[in-house]
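Me: Got a structure I'd like to go through with you. Can we take it piece by piece?

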Amino acid sequence: MDPTLLAQWQFGITTVYHYFFVPLTIGLTTMTALMQTLWFLNGQDVYKQMTKFWGKLMLINFAMGVVTGIVQEFQFGMNWSEYSRFVGDIFGAPLAIEALLAFFMESTFLGLWLFGWDRVSKRAHLASIWLVAIGSLLSSVWILIANAFMQNPVGYELRNGRAEMTDFLALLFNPSVQVAFPHVIGGAFTTAGFFVMGISAWHLLRKSHVDLFKRSFQLGAIVGLIAIGLTVLNGHEQARHMIASQPMKMAAAEGLYVTEDPASFSVLTIGDFEGNEVFSFRIPTLLSLLSYNQLTGVVRGMDDLQVEYEARFGPGDYRPPAFVVYWSFRAMVGSGFAMLGLAVVALVISLGDLTEKAGRWLALYPLAILLPYVANSTGWLMTEVGRSPWVVHGLMKIEDAVSPNVSGEAVLFTTIVFTLLYGALMAADLYLLRRFAATPELAFGPLDAHAAPDLPAPSLVGTD
Amino acid sequence: MTFDLNILWFILIAVLYIGFFVLEGFDFGVGLLLPVLGRTDLERRAIINTIGPHWDGNEVWLLTAGGATFAAFPHWYATLFSGFYLPLFLVLVGLIIRGVAFEFRSKSPGAQWRRLWDWGIFVGSLLPALLFGVAFANLTRGVAIDADMNMRSSLFDLLNLYSLLGGVAGVLLFATYGAVFLSLKLTGELETRAAGLARRLWPFAAVAQILFFGASYLETDLLTHIGINPGPLPFAMLATLLVAGLFILRGRNRGWTFALLAFTIAAQTAFTFGLLFPRVMISSLDPAYSLTIYNASSSPYTLTVMSVVALLFVPIVVGYQIWTYWVFRKRVEAKPEGLVY
């Protein structure tokens, strides 16, 4: 069994799974903080109910993000020890800083917020939810700084057989971070916006808690529209950066085999991904326009880049699996534009009475909750798979990064257990989210969960 | 040997593990005792709530220790985690199940549902508590590290008598520590029961610790290798454990008992790191293959950057964590109206 392939699958599964929870954590924590701020400022009960309701869903989601994040902290050493040795001097620093600055802040103040409703002043309690939100934002900054080094290595020198840090500030201000951070944060707020709109729409269609969910839908629409708008605009910046730093990824995302100038944009290409197109619908010059903001400009194709890379890095296949990259890119962009449209409609109908005529549109939004998840996952798939064969672009290949002392069987075993465990936890998570989303009364306080019956003791180790 | 950043980072990582075991130690104990101590659902909820606001923050000490090891000693991080592959995997599985269980168990009323998650809390506390003992015992005993810094020990090499004794000793100590913690944080009958558990557990914990301590002289190079002279530390550790036992048996001075056990745990962790120093991982194949704070470390530049960051932020983190313990200093009552779910 090939440990490299298995380790890649494990990384893919655990990371995509972790990222199901992260964007909602970031976005919904901030939205909960906004709601609590409104309550703090004007004292209306409905805002307290909103804080409690969305806060409860945030907590359920938060727990999953936290526990799946533990794996992320350790799996570089477990499955990718050669990678860890090669980049530890650089990559370890943002990870350690993330834990020190962000994880402590998130976890400590989340505990304070959850248990502190009656223990600290209203002001301190409000501050604690904001600190959780800031912590989650800080966390994303540092992990993106780490990831950016893999995409676009800067601030280093090759010494002692590894990459050593020479300029910490260059690492922090990596151009790749500057385009990735707004995109990721935009995606996170989009996720939260659509999550809030979807569940609110479900209740509004049933005329349940109309005031609460009308205000929630409106807030979701505002946050969602701003976020998706910025994400789409920034996606353009990111593409321009990618053309310069990782042209092979761009070429794969576009299914572009032969260099073009001006380059056309592929709306739909069907081929065998060996360069033989069966069908292709392309818009002339659009890709050059997107890449350089002008009507001309060379966009290099995979075949030409392959020749160039062989000359630079020696023999080998430098083309990523175009099928995955191409379709991930389309799924991400497609759901992005669908969300942009839906967010505009949401804002328009928010201005009217959501339970009347305009409300017919509402039926779309519960389903639309899936869209940001598609975009988030495929976006990272494209980013990470599109970098292959490199683990650190231009410096280290994936095949050289795995742990030489971990057998394929061991990786297979842990991958299977992680997958089964994660599957079971997902079922529990969805069950609880559904339960609390459908019955807001469960979250309103202060007597929230006391309806729970007094159960007999489980006889785990022979109580009594 | 002059003091340098490599030594500073070795000490910082030791401090992070000390923080982790001192704080998460009673969390593990609470999880271990949950099924024994909590007879009704309400009681079990009250028991969980004693660590409710804190367990997640306590766990971050481990994540930070992991991150700091990566940043300051990449080879240590790589060798340790790829080498202890399956034990670490089981620790992760335990921590995942436990964390989710704390958050999920009370969010649905079914008896089956809650029983499942209560099991999860127990198993999720047992696995890490046991395996950290096993792992640290192996670290001081030495593992099969080759010339390329790769660990070649199989799972069965790691499960030797000495390391298993270390694991069991750890579990018993954490359980005792957790019982004392619970007797400080609960009220009424639960408090009495927790104190009773501490009384019954302590003798086992003490015997296991003394055996493990004795075995350490035989199984490690404690007597021949001169790293840091631990001085009276090991004896102070045993003394505090014994004095704590006297207090427990007499049912007095619970606050002091807790502090003494915390010191025991801290001293034992410090002792373990002292045994290693200046190595971070000992090779049983050839002393020359051992990883040290010099051949496993990051560049001086990275260590400098990280030192600045750590010295700026560690005090802040410690400050607000202490503050939250102060906020939640009150005992938890097993009454529905005070409990947060």
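Reply: A:Arg215 has a relative accessible area of 25%, so A:Arg215 is partly exposed. Bear in mind that this is a predicted model.

Me: Which residue does A:Arg215 form a salt bridge with?

Reply: The partner is A:Asp211, and the closest N and O atoms are 3.0 Å apart.

Me: Where do A:Asp211 and A:Arg215 sit in the helix?

Reply: Both are in helix α7 (residues 210–245) of chain A. They are four residues apart, which means a separation of about one helical turn. A:Asp211 is partly exposed, at 40% relative accessibility.

Me: How many salt bridges over all chains?

Reply: The structure holds 26.

Me: What parts does the pair of B:Arg141 and B:Glu219 tie together?

Reply: That salt bridge has its closest N and O atoms 2.7 Å apart. B:Arg141 lies in helix α6 of chain B and B:Glu219 in helix α9 (residues 188–219) of chain B, so the pair joins parts 78 residues apart in sequence. B:Arg141 is partly exposed at 33%. B:Glu219 is partly exposed too, with a relative accessible area of 34%.

Me: And B:Asp146, buried or exposed?

Reply: Buried, with a relative accessible area of 16%; the cut-off for buried is under 20%. B:Asp146 forms a salt bridge with B:Arg152, the closest N and O atoms being 3.1 Å apart. B:Arg152 counts as partly exposed, at 44% relative accessibility.

Me: Which residues are linked in a network of salt bridges?

Reply: B:Asp41, B:Arg44, B:Arg105, B:Arg114 and B:Asp118.

Me: Switching to the interface. How many residues of chain B are in contact with chain A?

Reply: 87 residues of chain B, against 82 residues of chain A. About 7600 Å² is buried between the two chains. Carbon and sulfur atoms give 73% of that area.

Me: How many salt bridges across the interface of chain B and chain A?

Reply: Zero by the rule. Polar contacts are there, though: 20 residue pairs, both residues at pLDDT 80 or more.

Me: Which element of chain B gives the most to the side that touches chain A?

Reply: α12(B), with 14 residues. By class, that side of chain B has 50 nonpolar, 22 polar and 15 charged residues.

Me: Aromatics next. How many aromatic pairs over all chains?

Reply: A search of the whole structure finds 62. One of them is B:Phe26 with B:Phe181.

Me: Why is that pair of B:Phe26 and B:Phe181 stacked?

Reply: The ring planes are at 15°, so the pair is stacked, with the centres 4.1 Å apart. Planes under 30 degrees apart count as stacked. B:Phe26 lies in helix α1 of chain B and B:Phe181 in helix α8 (residues 161–185) of chain B, so parts 155 residues apart in sequence are tied together. B:Phe26 is buried at 3%. B:Phe181 is buried at 6%.

Me: Which residues do ring pairs link into a cluster?

Reply: Among them are B:Phe10, B:Tyr17, B:Trp76, B:Phe136 and B:Phe273.

Me: What does B:Thr272 touch?

Reply: B:Phe136 and B:Thr140, leaving out residues up to four places away in sequence. B:Thr272 is in helix α11 (residues 254–276) of chain B. B:Thr272 counts as buried, at 12% relative accessibility.

Me: Last one. Where is A:Ile143 found?

Reply: In helix α4 (residues 122–151) of chain A. A:Ile143 is partly exposed, at 34% relative accessibility. A:Ile143 touches A:Leu95 and A:Glu98, again not counting residues up to four places away in sequence. A:Val177 is 34 residues from A:Ile143 in sequence and 9.7 Å away, C-alpha to C-alpha.

Technical notes: Residues numbered from 1 in each chain as written. Chains lettered and ligands numbered in written order. Predicted model: local features only at pLDDT ≥ 70, side-chain atom pairs only at ≥ 80, totals over all residues. Heavy atoms only, no water. Contact = heavy atoms within 4.5 Å. Buried area = accessible area lost by both parts, 1.4 Å probe. Salt bridge = Lys/Arg side-chain N within 4 Å of Asp/Glu carboxyl O. Polar contact = N/O pair within 3.5 Å; in protein donor to acceptor, adjacent residues only side chain to side chain. Helix = DSSP H or I, 4+ residues; strand = E, 2+ residues; numbered from the N terminus. Nonpolar A, V, L, I, M, F, W, Y, C, P; charged D, E, K, R; others polar. Buried < 20%, exposed > 50% of the residue type's maximum accessible area, 1.4 Å probe, protein only. Phe/Tyr/Trp six-rings, centres within 6.5 Å; stacked < 30°, edge-to-face > 60°.
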